[in-house]
Amino acid sequence: MAKYLLLKHYRGAPAPANDVPMDQWTPEEISAHMQYMRDFADRLEETGEFVDSQALAPEGTFVRYDGEGRPPVTDGPFAETKDLIAGWMVIDVDSFERAVELAGELSAAPGAGGKPIHEWLELRPFLGVHTTVTE
């Protein structure tokens, strides 16, 4: 089994087919989207392919070490940043092909008008001692 990270982006990825920002969706559309995500995770939990997932707020702060005895330096948040991560899901699957299949299915979550978003998801393998990335 190999673990993969599926990243959902607020922006920074190519535009989805149903490109209406979530802040313009109705409460019912948001509920339908979230239910799709829960149902997807539940199904993967039954097959043993689900590891974890979480939605993220758009706010964030960059933090870095600033030297011995000094407090960490913080900067941000940068709302204008090109890439904002909306959330993530970790899956544990038998093959890269299965990871792509699941990412494609997750991309079909409903958005505005109840139509699939066709959003781009970033699929990244976890780096491990035995990981060979050939895709």
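Let's settle one term before looking around: a residue counts as buried under 20% relative accessible area, exposed over 50%, and partly exposed in between, using a 1.4 Å probe and protein chains only. What you have here is a predicted model, where local features need pLDDT of at least 70 and side-chain atom pairs count only at pLDDT 80 or more, while totals for chains, interfaces and linings use all residues. Residues are numbered from 1 along each chain as its sequence is written, and side-chain values use heavy atoms, with hydrogens and water left out.

Start with the overall layout. The protein has two helices and six strands, and reading from the N terminus they go β-α-β-β-β-β-α-β. Those elements are DSSP runs, numbered from the N terminus: helices are H or I with at least four residues, strands are E with at least two. Of the 135 residues, 28% are buried. Contact means heavy atoms within 4.5 Å, and of the contacts with a separation of 6 or more, 78% join residues 24 or more positions apart.

Now for the charges. A salt bridge puts a side-chain nitrogen of Lys or Arg within 4 Å of a carboxyl oxygen of Asp or Glu, and that rule gives seven of them. One of these pairs glutamate 105 with arginine 43, at 1.9 Å from N to O. Glutamate 105 sits in helix 2 and arginine 43 in helix 1, so this pair ties together parts that are 62 residues apart in sequence. Both ends are partly exposed: glutamate 105 has 28% relative accessibility, and arginine 43 has a relative accessible area of 32%.

Stay in helix 2, which covers residues 96–106 and includes arginine 98. Arginine 98 forms a salt bridge with glutamate 101, with their closest N and O atoms 2.8 Å apart. The two are three residues apart in that helix, about one turn. Glutamate 101 is partly exposed, at 47% relative accessible area. Glutamate 49 is 49 residues from arginine 98 along the chain, and their C-alpha atoms are separated by 10.0 Å. Neighbours within four places in sequence aside, arginine 98 is in contact with Leu44, Glu49 and Val93.

One more salt bridge is worth a look: arginine 124 meets glutamate 122, with the closest N and O atoms 3.6 Å apart. Arginine 124 is partly exposed at 44% relative accessible area, and glutamate 122 is partly exposed at 26%.
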